[in-house]
Amino acid sequence: LIYFNNIAIMSVISCNCEKSQIYLNENIIYYSLLCGCEDCRQAGEWGHFKGGPEPEKLQKLIYVRSDIKKIVGKQNMHAYQLRRDARSTRIYCKKCYSIIGIDHPNYKDTVFMLIPQLCKTDLDLSIKPVAAIFMNDYPYKDLSMISDDILYLNDFEDDEKNKKFDAIMSPLRPKYQKPKGISFRDLIKDVEGITVLNLKKGVKTFN
């Protein structure tokens, strides 16, 4: 954290080798989820194959406002999509293949997502996930990390569970406000290109 008059004014998200860093104008985590989807898992496994950190089987996601005050090592950042029909865009460090942030159209450039196991941050990560999503994709039997008070969603096709999810999420999602700095989506546009990896679903080994 960076302080002014004993008040935290910026937090940092960094790759593991610290050659790629983004400093946030806020140090707030708005909400956290657990995600069993194949795309999150495969993106982490590909980064690990390239030399990056090893992902957890079930990813903990955290969401922060899309408002970046300072960028260090932009030349080391690159944006990737898993497939041509992918909706998520991830920024990796080209030196250590940590994932420092993820954008999705549904975020509407209000927030962006990071996976704390796959990067470094000084944000307070003690926030508890409110739901486990896309669990139909989760291939492992161990569910011990999902407590009874976490909403469990196999997919988003169950109307009743969707209503429960929306009721939980509505007060947590921040309203859009123009960033004081630049948005995460603007950073994606500003880094060197977007590479489509064309990874096949279900693949765990890479060339």
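These legends describe close-up views of one predicted model. Residues are numbered from 1 along each chain as its sequence is written. In this predicted model, local features need pLDDT of at least 70, side-chain atom pairs count only at pLDDT 80 or more, and totals for chains, interfaces and linings use all residues, while side-chain values use heavy atoms, with hydrogens and water left out.

**View 1. Strand 5 is a buried strand.**
Strand 5 covers residues 59-65. Helices (H or I, at least four residues) and strands (E, at least two) are DSSP runs, numbered from the N terminus. Seven of the seven residues of strand 5 are buried, so the strand is largely enclosed by the rest of the structure. Buried means under 20% relative accessible area, exposed over 50%, and partly exposed in between (1.4 Å probe, protein chains only).

**View 2**
Two strands pair if DSSP finds at least two bridges between them. Strand 4 (residues 29-35) and strand 5 are antiparallel, with six bridges. Here Ser32 has Ile62 of strand 5 as its bridge partner. Strand 10 (residues 111-114) also runs antiparallel to strand 5, and four bridges join them. Ile62 turns up again: it stands opposite Leu114 in strand 10.

**View 3. Trp46 and Tyr92 form an edge-to-face pair.**
A pair of aromatic rings is described by the distance of the centres and the angle of the planes. Rings of Phe, Tyr and Trp (its six-membered ring) pair if their centres lie within 6.5 Å; planes under 30 degrees apart count as stacked, over 60 as edge-to-face and the rest as tilted. The structure holds eleven aromatic pairs. In one of them, the ring centres of Trp46 and Tyr92 are 5.2 Å apart and the planes stand at 85°, so the pair is edge-to-face. Trp46 lies in helix 1 (residues 38-49) and Tyr92 in strand 8 (residues 89-93), 46 residues apart. Trp46 is buried at 7% relative accessibility. Tyr92 is buried too, at 1%.

**View 4. Phe112 and Phe184 are stacked.**
Their centres are 4.4 Å apart, with 10° between the planes. Phe112 belongs to strand 10 and Phe184 to helix 3 (residues 184-190), so this pair links parts of the chain 72 residues apart. Both Phe112 and Phe184 are buried.

**View 5. Two lysines sit over tyrosine rings.**
A charge sits over a ring if NZ of Lys or CZ of Arg is within 6 Å of the ring centre and within 35 degrees of the ring normal. The charged end of Lys57 is 4.7 Å from the ring centre of Tyr140. Lys70 lies over the face of Tyr23, 5.1 Å from the ring centre.
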